[in-house]
Amino acid sequence: MTTTLTTGLARLADQASRAHPYPLLEELREASPFTDPASGIVVVGRRADCETVLRSPRVSSNRLGAGITKVPQQPNLMNLDAPDHTRLRRLAGKAFKPRVIERWRPRVQAIVRELLADIAASGADSVDMVSDFAYPLPVRVICEMLGVPREDHPVFEKWAHSIAFTIDPQLVPGELTTEVERNVDEARAGFVGYFSRLIEERKREPRADILSELIAAEEEGDHLGERDLILTCVLLLVAGHETTANLILNGLLALLRRPDQLRLLRERPELAEAAVEEVLRYDAPTQMVTRIAREPFTLGDHEVAAGQPLLLLLAAANRDPRQHHEADSFDITRGDPGHLGFAAGPHFCLGSVLARMEGAVALDAFAQAFVEPRLDEASLHYRPHVSVRGPDRLRITFQDIRLDTLPAAGTAGESEVGHG
Ligand code: HEM
């Protein structure tokens, strides 16, 4: 047995792989599909195999008690199968329609402007783009969308960070520490208490926020119950926070390492959406997802047994040369996205429209406003998460910040982001 088949997942779980996982992901993809002997997980890395599994009725997303994640899961959208999933998704999807999300664009632009104005006002010529830009943006956006007041954002950020571990797969048995588990329990309890109160308030007095949309969502007389509402709100925070921060950070990193691409984006701001698609492909913010086999089936020439967990390496699939030309190269003009950055099939990311919009606004503003930005490579450091992977420190130096290049300050506050 080759070392890829025996130690591949353990190496992937190792923090030493976090900054440059792609050579190992390539090895795993080319050896896949195979069963990791230590964990019993079926590793799936090729683009076509990942898509087959994501769309297959032979696999389940029900990871409750399946032991594939580091922390026990909750029965939210991500962990349900049809018909429960279909029902919940239809109701929650009403709050995430493109036209509902598009109304938030001016607010997202205004938050980006505020963050850049704060950096400029500090007078510094260097900044940590994690703490001062990429993290505060999605947490402010989703908190405002859910109607969480500003003074409560810091505690939400802390809880969301703790709870991000719940998405991580358990690649090496017994990896979990009691401290992580305690933090997750504390965050879950905190969210439940907080949202129970907020939901009661919104039921009495609806506002122009996503929480009121979720409460009002109706399909043939069916509504989201209290427990589903709370679990959906928690999921939205978890699924939409670190992922979007990593999309922005992975984008900044790729652009800073390829000054020709940064120049191109500055000269042609209409490429911002394409740049986001390329980041989702080239350095996927969600590197992998998991499934459980409901029944035995064959994938390529590999037999999958009923009950076996599967690990789909989306980040490896996105660089599969069978699908993408010069797959290891970052090119914002490639125009053949076809990536699995948001997965595929019934669990395709519910927040993709919001993530794409936030990503495009942020990357565009970065390219336009920062004069001579340079990456401080020595500062770069990654969080421990293996799936929702991204930096927790990324410093840049710059000559100036030109706020005059940004769109005029947004006018759409809550009052203008209405229902309908
Ligand atoms: C760049 C940012 C994002 C990335 C890369 C991303 C990625 C993903 C992926 C890969 C899945 C599929 C999980 C699976 O199949 O097991 C997913 C599902 C989901 N995402 Fe995102 N996501 C992002 C942003 C967001 C945002 C902003 C929100 C909402 C505020 C969101 C909400 C969700 C929800 C609710 C699901 C579960 C959908 C379902 O199970 O039907 N995501 N996301």
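**Sheet, helices and iron site**

Reader: How do strand 3 and strand 5 pair?
Author: Strand 3 and strand 5 (residues 289-293) are antiparallel partners, joined over two bridges. Pairing requires that DSSP finds at least two bridges between the two strands. Strands are DSSP runs of E with at least two residues; helices are runs of H or I with at least four, and both are numbered from the N terminus.

Reader: What am I working with here, and how are values taken?
Author: This is a predicted model, with pLDDT of at least 70 needed for local features and 80 or more for side-chain atom pairs, while totals for chains, interfaces and linings use all residues. Residues count from 1 along each chain as its sequence is written, and side-chain values use heavy atoms, with hydrogens and water left out.

Reader: Back to bridges. Which residue in strand 5 partners Val 59?
Author: Ala 293 is the bridge partner of Val 59.

Reader: And the order of the five strands in the sheet?
Author: The order is 1-2-8-5-3. The sheet is open, and its pairing is mixed. Strand 1 and strand 3 (59-60) are the edges. Each has a single partner strand, so one side of each lacks a neighbour in the sheet.

Reader: Which strands does helix 3 lie across?
Author: Helix 3 (residues 47-54) lies across strands 2, 3, 5 and 8. Its angle to strand 8 is about 130 degrees. Axes are lines fitted to C-alpha atoms, for helices over the stretch in contact, and angles between N-to-C directions run from 0 to 180 degrees.

Reader: Which residues of helix 1 are buried?
Author: In helix 1 (residues 3-13), they are Thr 4, Gly 8, Leu 9, Leu 12 and Ala 13. Buried means under 20% relative accessible area, exposed over 50%, and partly exposed in between, using a 1.4 Å probe and protein chains only.

Reader: Where do they sit around the axis?
Author: On the same side of helix 1, because their arc is only 145 degrees. That arc is taken from the directions from the helix axis to the C-beta atoms.

Reader: What do they pack against?
Author: Helix 2 (22-31), strand 1 (34-35), strand 2 (42-44) and strand 8 (309-312). Contact means heavy atoms within 4.5 Å.

Reader: New topic. Which protein donor does the iron atom of the ligand have?
Author: A single one: Cys 349, through SG, 2.3 Å away. Donors are N, O and S atoms within 2.8 Å of the metal (3.2 Å for Na, K and Ca); water is not among the atoms, so sites may look incomplete.

Reader: Where is Cys 349?
Author: In the loop between helix 15 (314-317) and helix 16 (352-369). Ala 343 has its place in the loop between helix 15 and helix 16 too. Ala 343 has a positive phi of about 65 degrees, although not a glycine. Ala 343 is buried, at 9% relative accessible area.

Reader: What about Glu 372, buried or partly exposed?
Author: Partly exposed, at 42%. Glu 372 has a positive phi of about 50 degrees. Its loop lies between strand 9 (370-371) and strand 10 (374-375).

Reader: What is the peptide bond from Ser 32 to Pro 33?
Author: Cis, with omega near 0 degrees. Pro 33 is in the loop between helix 2 and strand 1. The bond from Ala 82 to Pro 83 is cis, with omega near 5 degrees. Most peptide bonds are trans.
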